[in-house]
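Subject: The structure I promised you

Hi,

Here is the structure we talked about, handed over for you to explore.

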Amino acid sequence: MPALTPHRWRTAGAIAAFASLGLSAALLWPWSTSMAQKAAGGKAPPPVPVKVAEVQVQDQALSLSAVGQVQAARQAVVKSRIDGLLTEVNFTEGQQVRQGQVLARLDDRSLRAQVAQAEAELRRLQAQLALAQLDLQRYQDLAAQSAVSTQQRDQQQAQVAQLQAQVQSQQASVRQVQTQLSYTVITAPFSGRVGLRLVDVGNIVRLLDAQGIVTLAQTEPLMVVFSVPQTRLSDVRQAIAQPQGAVVSVAEREGGPTLAKGRLRSADNAVDAGTGSLKLKAELAPPRDARERLWPGQFVTVQLDTGAIAGALTVPAAAVQRGLKGPFVWRVAKAEGAAQAQMVPVQPRWQSDTWVVVAPRADGLKPGDQVVVDGQSRLKPKAAVKVLAAASGAARSASQP
């Protein structure tokens, strides 16, 4: 064994010192880690900021909204029923016209001549018939005296019958030509508003022209046609069952002022298999100041009143969440002197885009409870919460239909 020189003694001492420090560090590491964990675990997380609204009990009007299209009660394309030259246009574009009012005229000179010719031919045949009837009377008198043969009498009687048939045929020809003449005067089939003129004076109009002369729409009353999803058929049945028809309100846009109200009149006889919706039609009674704001073909927002629930327990639609066990809401309640979040299951009875009517339960929501409407993503049961704002009852009532 070599002797320990002073240099070797210094080296061995340094090694021993480093070993001692390493052992101390190893022994202190678990202790320091556990203390940090305990310190971190003892500090509660900050409360979650949320916005809340109050659960209320009140009579809830039931309604459903849909996009509809305004339609005229009747609409027609005014066309010529014969070929002819257009000589007059007696309306102004956009004018209100009454039933039977003359809208246009065609050149009728040729048809008037045909009527005169047919009437003259009718008078000639009537004169021949009158003469043949007088001859028949003479033959009958002579045949009674055996002055002429019964064959001559029968021939004269056949001639009278032949002339009677010719007169009847010519009378029908006269009526036909007169009817053709009446087609040169084009009148409004019903009262309404005319559209843009589709042909000008001097043009030849034909029976087979598809566009016609002008379109006519009956704007009083107006109708609105809209579709509702088949999931709301129970509400639609309640609306149809109302004796006077369910009330329908029409606005230019959702949440806009009501332009007109009316009554539900009819429903389609089947659900559209392609869209899964049912078409409904309502008759509108627009006030005078709104008649010019509703136009056939215009798209509007329709609200159909389907009934009401008395004493309904209502919560904002934003409060209802969907979980694995069904719908629920986060209720804010006081526990241990602090506001905490509680998960409360709910059973919706009716809902719209804004409000949900829930079925009352013994262990469920109560009137006056505060439910979270914003900030639910960070919540968990018994999580501390900080209420930022609460929806006022006045604001809620103002938004009700």
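What share of the contacts in the protein with a separation of 6 or more comes from residues 24 or more positions apart? The answer is 75%. Before going further, please keep in mind that this is a predicted model.

**The overview**

The protein has five helices and 20 strands. It has 401 residues, and 33% of them count as buried.

**Helix 2**

Let's start with helix 2, which runs over residues 109-144. After helix 2 comes S146, which has a positive phi, near 60 degrees.

Next, have a look at the second largest pocket, which holds about 210 Å³ of space. Its lining is made of 13 residues, and G195, T215, A217, W295 and P296 are the closest to its centre. Which strand gives the most to this lining? That's strand 9, with four residues. Strand 9 covers 214-229, and both this strand and strand 7 (192-194) supply at least two lining residues each. Sorted by class, the lining has six nonpolar residues, five polar ones and two charged ones.

While you're in strand 9, find P221, which lies in this strand. The peptide bond leading from E220 to P221 is cis, and its omega is near 0 degrees.

Then there's L196, in the loop between strand 7 and strand 8 (204-205). Is L196 buried or exposed? Its relative accessible area is 60%, and the cut-off for exposed is over 50%, so L196 is exposed. L196 and T215 are 19 residues apart in sequence, yet their C-alpha atoms are 7.4 Å apart in space. If you skip the neighbours within four places in sequence, L196 is in contact with E93, I213 and V214.

The largest cavity holds about 30 Å³ of space. Lining it are L313, P345, V346, V358, A359, R361, G364 and L365. By class, that makes six nonpolar residues, one polar and one charged.

L313, one of those lining residues, sits in strand 13 (residues 299-316). Its relative accessible area is 8%; buried means under 20%, so L313 is buried. Apart from neighbours within four places in sequence, L313 is in contact with V55, Q56, V57, V356, V357, V358, P360, L365 and P367. Also, L313 and K366 are 53 residues apart along the chain, but 8.2 Å separates their C-alpha atoms.

**R331**

Now go to R331 in strand 15 (residues 326-335). With a relative accessible area of 15%, R331 is buried too. What does its side chain make a polar contact with? One partner is the side chain of D369, at 3.1 Å. A polar atom of the R331 side chain also lies 3.3 Å from the backbone oxygen of G364, and G364 is part of the lining of the largest cavity. Leaving out neighbours within four places in sequence, the residues in contact with R331 are Q340, A341, Q342, V344, G364, L365, D369, Q370 and V371.

**One last stop: K382**

K382 is in the loop between strand 19 (370-374) and strand 20 (385-390). Its phi is positive, near 65 degrees, in a residue other than glycine. At 67% relative accessibility, K382 counts as exposed.

Cheers

Conventions. Residues are numbered from 1 along each chain as its sequence is written. This is a predicted model: local features need pLDDT of at least 70, side-chain atom pairs count only at pLDDT 80 or more; totals for chains, interfaces and linings use all residues. Side-chain values use heavy atoms; hydrogens and water are left out. On a 1 Å grid over the protein atoms alone, a cavity is a set of points where a 1.4 Å probe fits but cannot get out, and a pocket is an open set with protein on both sides within 12 Å along at least five of seven lines; lining residues have an atom within 4 Å of a point. Grid points are joined across faces, edges and corners, and a volume is the space filled by probe spheres set on the points. Ala, Val, Leu, Ile, Met, Phe, Trp, Tyr, Cys and Pro count as nonpolar, Asp, Glu, Lys and Arg as charged, and the others, Gly among them, as polar. Buried means under 20% relative accessible area, exposed over 50%, partly exposed in between (1.4 Å probe, protein chains only). A polar contact is a pair of N or O atoms within 3.5 Å; within protein, one must be able to donate a hydrogen and the other to accept it, and residues adjacent in sequence count only if both atoms are side-chain atoms. Contact means heavy atoms within 4.5 Å. The expected span of a helix is 1.5 Å times one less than its number of residues.
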